[in-house]
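Hi,

Here is the structure I promised to pass on. Have a look at it first, and my notes follow below.

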Amino acid sequence: MNRARMLSKLLSQAPPGTPLVAVRAWAFGGLRGKASAPPPPTALAAEPFLNGSSSNYVEEMYTSWLQDPKSVHQSWDTFFRNATSGAQPGQAYTAPPTLAEPTPHHVPLSALALAPVSAGPPAAALSQKTIDDHLAVQGIIRAYQARGHLIAALDPLGIDREAVAERPATTMPARTVVRQYADAIEEGDLDRSFTLPMSTFIGGNEKTMTLREIIKRLEDTYCRSIGVEFMFINSLEQCNWIREKFETPGVMHMEPQEKRLLLARLTRSHGFEAFLARKFSSEKRFGLEGCEILIPAMKQVIDRSTSLGVESFVMGMPHRGRLNVLSNVCRKPLEHIFTQFIGLDTGDEGSGDVKYHLGTYQERLNRVTNKNIRLAIVANPSHLEACNPVVQGKTRAEQFYHGDSEGNKVLSVLLHGDAAFSGQGIVYETFHLSELPQYTTHGTIHIVVNNQIGFTTDPRMSRSSPYCTDVARVVNAPIFHVNADDPEAVMHVCNVAADWRNTFHKDVVIDLVCYRRNGHNEIDEPMFTQPLMYTRIRKLKPVVELYAEKLMNEGVVTKQEVKDVTDKYEKILEDAFLAAQTETQVFNKHWIDSPWSGFFEGKDPLKATPTGVHEDTLSHIGRRFSSVPPNASDFVVHRGLLRILNSRMEMVNARTVDWALGEAMAFGSLLKEGIHVRLSGQDVERGTFSHRHHILHHQKVDKSQYNILANLYPDQAPYTVCNSSLSEYAVLGFELGFSMTNPNALVIWEAQFGDFNNTAQCIIDQFISSGQSKWIRQSGLVLLLPHGMEGMGPEHSSARLERFLQMTADDPDILPAFSEDFAIRQLSDINWIIANCSTPASYFHILRRQIALPFRKPLILMTPKSLLRHPEAKSSFDEMNEKSEFQRVIPETGPASQNCENVKRVVFCSGKVYYDLVAARKDANLEDKIAVARIEQIAPFPYDLVKLECMKYPGADLVFAQEEHKNMGAWSYVQPRFATALNHERLFSNEIQRHTQGSVEHGSQSWYEYWFPWLFPTSSPTDVAADSTDSQTSTISSPKRVVRYAGRPVSPSPATGSKKTHIRELKQLLEDALAL
Ligand SMILES: Cc1ncc(C[n+]2csc(CCOP(=O)(O)OP(=O)(O)O)c2C)c(N)n1
Ligand SMILES: [Mg+2]
């Protein structure tokens, strides 16, 4: 039983309705034989039972007793034994033996096990003051542990800690910490000796100590350069662990060689910034000056963690000190860093990013432990803290693929600025992932560069919490505040943080309280806004000087040694600088944070593997997905689910699939091929619309579950499906990070409704749409965004398709060259793929295509809601078997396609509106007059197939129908592309003519031979064989054909809140689209 539960049990033994004071009296007074007597009017009396000294005392006794029943007085032993075995009030207690007279200066704790009145007078020998003093001492110890950090000397500037200066020069404890306990002691009590309770380690081997010494040691532990914030943690074991790490005498001791190493690291940290400041004085670099200790701190965390078995570090950090970290922590070659300042052309793909956002990946030997380690700093956008979940996802993935289920080998380290740490909500969201089974990285070490300013804003204006780190308290992470000008204290804190993470696998925060020597960047003038702060900063010596002086005074180093270390590093910098001058180009590939070694090797960059699957596989997966668990007799499945399973089986027997079955077949077939599939998001296990049901829950046994797709084949890849926390920003960022690690995995994030993606906008804008270009980092992440106008009101209708399309990087005015590999070339060139599939087979193929491609692209999928159960939205096995493939455009195949000349209109559409259109067309008896074609893949735009479909119907007018409002949906994207497809002709090059091999779609005929007459009806292949090497070239042919819009008018809101209006609007759009 834990402490809290035991205490509440002790409490619970009190008669019902007993007030707290009486309960306390019951626990103590009962022992004194005056159960209902009011407590004495001392400071103690003001304490409620569970918060005051008395409860501390009971806890203390109980803790001692738990560890060793003999350590407490026999009477307590009996009491706890009886109480824990359920004795009633009054029955738990047995009288103690007679107490010895206490000596004037030594009060053994056991003496406080008071005798009841009935046991005779000896208790009277103890004065009330003795009891109060003793309890007060315990209270004082606890108060230091809980509140000592409030008066610790954390600030090198001494600005926010005026309390430190105000502290009286006496040895009486500061009231800020001990509050009312101070009333119970007098100056004279300081030389009395007290037995130390079990809840402190300040005594080392000593069991008793004078109060003066107790206070001194507590001050040294809790109120000097380290402020330990941990007493909010609910675990007694963890609190004791921390107490021991900080209180034990001599814990901060460092050997001379450790001190010299620390000085050398500080020298490099300082020297790096100073060198850049000299060589590139007008360049922004967001230097580390004022927090140079960050470098030795990170190195210490890495050394210590490496010695504990960690092999890989995944790190995320903001701008501040980034270059220094890249160089001095990761050992990125200095030349690579210097060339970023020189302003050279890029020698490879990608648009690149500013130097203080770039990531890196290095493998190197850790010299301290002599072990090989991997270090990755994840590239990040300017958006502070946005990389936090990305780092966590990447870390989790590394752990997952290395079978590191406890996080012993891979560790995430997150760096923060003080203003961003408290200001950005993503920090909170990411903390809440830290202990979720499918998201935990088994503890992150957070380091805050707390320079007490954010750009130009003071902390009092930028947060409402006392500390910038308070957000970490929500996950019970201990917080170690430390004065960054005390390097040895910082090293100690780093060691403890690494040990904590290794022991408890929970998050921990190191708060480096420092200052920022320059302005926000090196060009800014800080005196405009923080004149007093900067007046003070200018008087401060750099920490490297302070520490060098300290070590020289201690005789650990000589002046000459200090100079040698400085000169040696200076030379390294100078040499690298000279070498950088000879470079002519920078390479983005030098900054990849997640290299995929081997993935691209030996692959044709424009060849995808087929996505169709053998019918037996479909059938097998379908049957498994429709079956109860193998131990069905023991596993009670909900009746409603049994019906769902049965209907799935009926579909399988009929060789058809609905949306859920199509998805399961895509996942299952990939799992069979050894591809890990991970589906994450809110309520994804069941599916928001209750269609998926990937996890069956035993109806009688809690937490007994069956993951159907994880049990398809004995040798399949693992299937992860996990309900996430109610976060989009963090969870999407996490899945992006996960997807960066292993290209051979299908990682999917599903939004509950598509529009919720906007709370993850930063991940979409800064990472997903632009990541490959900025950081040449690929990701095959899939976003499933339920989208569609179904009369559910403005908030659940639109996944904001238009916004994704607007960020698509393909030029609407340029018709790409047609070729056999047109489709894959387009995919290779674009920044992401956007689709709105109308059939389960389409969905099946496009998911599988993510893995079939020889590269990775994010896929943004508008997914259905009502279509999930629409009787028409089904696909046959024939559309998923080996003869099938993803159809970017599904052409008209009905009566209209049989007699193209007669067709008056071709209506293009995307997604579920197709079913409304064809139903209305049927009602209007226009199936032979109107062709309806579906654009399944909107971006990259299927110019070739759209053009083809238009040319098939030369006499038809063209309409694009969408259910979204005109200023939304796909219209703005498709309109100019239709114009380009219809009115620009691309000349075929000789090279393209040579590529005339057969294609899947058209049997023995080549793509070229088959489609040519459609695309260029007036020419023959040889007529247009003229060279067109410039892919930007296109010619305009006349007459122009245009596509007309049919749909809802513009609107500020994505959908009406009125069902009636919704239906009216839909009717109108169908009329617009179909009226001839
Ligand atoms: C999300 C976001 N909002 C605003 C900014 C602009 N900005 C850049 S640095 C900065 C101040 C950051 O202060 P802090 O987190 O304390 O880091 P420091 O620069 O002091 O190291 C601000 C507001 C940003 N980069 N990201
Ligand atoms: Mg700051």
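In which sense do E10 and strand E12 (residues 508-513) pair, and over how many bridges? They pair in the parallel sense, over six bridges. Helices (H or I, at least four residues) and strands (E, at least two) are DSSP runs here, numbered from the N terminus, and two strands pair if DSSP finds at least two bridges between them.

Before the rest, some housekeeping. This is a predicted model, where local features need pLDDT of at least 70 and side-chain atom pairs count only at pLDDT 80 or more, while totals for chains, interfaces and linings use all residues. Residues are numbered from 1 along each chain as its sequence is written, chains are lettered from A and ligands numbered from 1 in the order in which they are written, and side-chain values use heavy atoms, with hydrogens and water left out.

Back to E10. Strand E9 (residues 410-417) also runs parallel to E10, joined to it by six bridges. Ile447 of E10 stands opposite Leu415 and also opposite Ile510 in E12. Seven of the seven residues of E10 (residues 444-450) are buried, so the strand is largely enclosed by the rest of the structure. (Buried means under 20% relative accessible area, exposed over 50%, partly exposed in between, with a 1.4 Å probe and protein chains only.) Thr444, His446, Val448 and Asn450 point one way, and Ile445, Ile447 and Val449 the other.

Next, the metal. The magnesium ion (ligand 2) is coordinated by Asp418 (OD), Asn451 (OD1) and Ile453 (O), at 2.0 Å. Along the chain these donors follow the spacing D-x32-N-x1-I. Asp418 lies in helix H16 (residues 418-423) and Asn451 in the loop between E10 and helix H18 (459-462), so the pair ties together parts that are 33 residues apart in sequence. Asp418 is buried at 3% relative accessibility, and Asn451 is buried at 5%. Donors are N, O and S atoms within 2.8 Å of the metal (3.2 Å for Na, K and Ca); water is not among the atoms, so sites may look incomplete.

Helix H13 (residues 322-329) is worth a look too. Eight of its eight residues are buried, so H13 is largely enclosed by the rest of the structure. Its cover includes helix H11 (256-279), helix H12 (294-307), strand E7 (360-366) and strand E8 (371-377), with contact meaning heavy atoms within 4.5 Å. Just after H13, Arg331 takes a positive phi of about 65°.

E7 and E8 form a hairpin with four residues between them, and Asn370 in the turn has a positive phi of about 60°. Seven bridges join these two antiparallel strands, with Gln362 as the bridge partner of Leu375 in E8. On the parallel side, strand E5 (residues 312-316) is joined to E8 by four bridges, and Met315 is the partner of Ile377.

Finally, Leu736 in helix H26 (residues 729-741). Leu736 counts as buried at 2% relative accessibility. The C-alpha atoms of Leu736 and Leu781 are separated by 6.3 Å, though the two are 45 residues apart along the chain. Leaving out residues up to four places away in sequence, Leu736 touches Val390, Ile763, Phe767, Ile768, Arg777, Ser779 and Leu781.

Cheers
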